[in-house]
Each structure stands twice: as C-alpha cells, then as structure tokens.
Amino acid sequence: MKRTLANQDLPLSREPSLAVATRVIILTASAAALAGCGILPSSNGSPSRTGSKPPVSSTQGDISNRAADRTCFAQLSASGVRFDPLPDAYGAPGCSTLGTVQLSALAGDRSRFGISNIGPVQCRTASAFNGWARFGVDRAARQILGSGLERIETMGSYSCRNVAGTSRRSAHARAEAIDISGFVLKDGRRISVQGDWSRGSAAEREFLRVVHKSACKRFGTVLGPDYNRAHEDHFHVEGTDGSFCR
C-alpha cells in the first residue's frame, strides 16, 4: 500500500460512517481522591505524573450542564468512544477539571483502542485525541508497521503543576493536555518515544514522525523529542487552539 506523506492523516479505501447520536446518556461519576502536583519516579525508573485524578474541593460540583460540554459529550459518544463524564471540580488556584471525561476506550476503524494511565481530560481534547488515534496512529501503524494499534500508553493528563521553570500553570492543570509515551500494536510490539524516536528501526522512526505530524493537525500544541530534553520520552499534546508544533 502506498504510504501517505508525513503531514497527512492516512486514508483507507473505505471509511465507515459514524451514526449521529440523537441523545447521550450521561452517567454520574463519583469524584476521585485528592490530587497532588509534580512528577515522581515510578518503580521502573520512568517518570510518572501525579495528580491524575480530579481535585477534591469544597466547590466540587455536578457534571457540566453547559451547552458546549453537552454537545461535546454527545459527539464523543457518537464517535464510539467509551467514557464517563466527570463532575466539575476546583483544586489549588489555577487547577480545575471542568467539562472533563474519564476515557476507557478510543474508537478506531476496526476496533477500539485501550489507553493506559490516563486521568481526567477536557472533552474537546479527548475528542481530538480520539480522532488522532483513529485516523493518524492506527492507520499509520497498519500502513508503515503492518499491524494495527492495540493501546496508547500515556504518562497522564490532569496534573496540578506549573510549566517547568515558570510560575505559569501548565495546560495539565486544566486537564487540557496528555503526555504520550508509547504505542502497543496488535502483534505485541511496543513502540516508545524514548527508545525508538532516534534508535528504532527505519520503519519505527518513520511511524513516530508520521504520528507526531498528524497530531499537529489536531491539537493546538504538540511537543516532542526535537523540542527539548524534557520531552525526549513523550509527546505532549494540548488543546485545540493555536498551532505550535515542535
């Protein structure tokens, strides 16, 4: 099969149409435990983001009833994503989870994909994430590596923290960003950003660059190993506004 240019999503000859949802049943999810801030080493030595659960606060509310969030929840459901809407919550100053969802599976052309280590994600970011997984990652995996996507591995989403070296809150503090560390294929292979961006096979390196460029079409900010050393082990994908891709 002919490969598509790196700055394009990879098409298939047939793409199943999505049924338009006429309504979505929103299930109430209980608020999770107190969220922390920062990065701690995990048992295998790789970074593990803390604060992935919704913040607990005296101002914790119900699941969002804002029109934009209701529309986003309905569209996400229509796309085949499995998720639970989460109650709005405020944590430390500048930290909140408003209009967020807890993802359990993303939707593809042929199957659903798992997601590891992910917490609350703002709905619009979750929608961009699902589109990228389906049209960018899975199709690239099949065309370049010969096997479909099974799971996306992340280093978390919500985290009450600042941008490194600044006093400015990170997009993670609003659950608008996801850090992606690797991809597991249906044939069992694992492609990691840290291990394969520079040292993988030619096909693995091509795959990672194709999915990075594809992410730049769907997210407002995308940072990877070529940006700085802090991102040598993951792709940071953030929001849908803006156009910063490195």
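## Close-up views of a predicted protein chain

Figure 1. Cysteine 72 and cysteine 123 are both buried (buried means under 20% relative accessible area, exposed over 50%, and partly exposed in between, with a 1.4 Å probe and protein chains only). This is a predicted model, in which local features need pLDDT of at least 70 and side-chain atom pairs count only at pLDDT 80 or more, while totals for chains, interfaces and linings use all residues. Residues are numbered from 1 along each chain as its sequence is written, and side-chain values use heavy atoms, with hydrogens and water left out. A disulfide joins cysteine 72 to cysteine 123, with an S to S distance of 2.1 Å; the term stands for a pair of cysteine sulfur atoms within 2.5 Å. The link of cysteine 72 and cysteine 123 is left-handed, with -100° about the S-S bond. Cysteine 72 belongs to helix α1 and cysteine 123 to helix α2, so the pair ties together parts that are 51 residues apart in sequence. Helices (H or I, at least four residues) and strands (E, at least two) are DSSP runs, numbered from the N terminus.

**Figure 2. A disulfide between two loops.** Here a disulfide connects cysteine 95 with cysteine 160, S to S 2.1 Å. The torsion about the S-S bond of cysteine 95 and cysteine 160 is about 80°, so this disulfide is right-handed. Distant parts of the chain are linked by the pair: cysteine 95 is in the loop between β4 (89-90) and β5 (96-97), cysteine 160 is in the loop between β9 and β10, and the two are 65 residues apart. Cysteine 95 and cysteine 160 are both buried. Arginine 161 is also found in the loop between β9 and β10, and is buried, with a relative accessible area of 16%. Arginine 161 and arginine 174 are 13 residues apart in sequence, and their C-alpha atoms are 9.7 Å apart in space.

**Figure 3. A disulfide between a helix and a strand.** Cysteine 216 and cysteine 245 are joined by a disulfide, S to S 1.9 Å. With 60° about the S-S bond, the link of cysteine 216 and cysteine 245 is right-handed. Cysteine 216 sits in helix α4 and cysteine 245 in strand β14 (residues 244-245), so the pair ties together parts that are 29 residues apart in sequence. Cysteine 216 counts as partly exposed at 21% relative accessibility, and cysteine 245 is partly exposed at 36%. The count of disulfides comes to three. With the bonded cysteines of the protein chain numbered in sequence order, the pairing reads 1-3, 2-4, 5-6.

**Figure 4. The largest nonpolar core.** Which residues touch the most other members of the largest nonpolar core? They are Leu103, Phe129, Trp132, Phe183 and Phe207, out of 42 residues in this core. A nonpolar core is a set of buried Ala, Val, Leu, Ile, Met, Phe, Trp, Tyr and Cys residues joined through side-chain atoms within 4.5 Å. Elements that each supply at least two residues of this core include α1 (67-78), β6 (100-107), α2 (123-145), β10 (177-185) and α4 (202-216). The largest share, eleven residues, comes from α2. Apart from this core lies another, of five residues, among them Tyr158, Cys160, Ala173 and Ala175.

**Figure 5. Phenylalanine 129 and its contacts.** Residues up to four places away in sequence aside, phenylalanine 129 touches Leu103, Leu106, Ile115, Ile118, Ile152, Ile178, Ile180 and Phe219 (contact means heavy atoms within 4.5 Å). One aromatic cluster is formed by Phe129, Trp132, Phe183, Phe207 and Phe219.

**Figure 6. Aromatic pairs.** A search of the whole structure finds seven aromatic pairs. Rings of Phe, Tyr and Trp (its six-membered ring) pair if their centres lie within 6.5 Å; planes under 30 degrees apart count as stacked, over 60 as edge-to-face and the rest as tilted. The rings of tryptophan 132 and phenylalanine 183 have centres 6.0 Å apart and planes at 65°, so the pair is edge-to-face. Tryptophan 132 lies in helix α2 and phenylalanine 183 in strand β10, so the pair ties together parts that are 51 residues apart in sequence. Tryptophan 132 and phenylalanine 183 are both buried. Tyrosine 227 and phenylalanine 244 also form an edge-to-face pair, 6.0 Å centre to centre with 85° between the planes.
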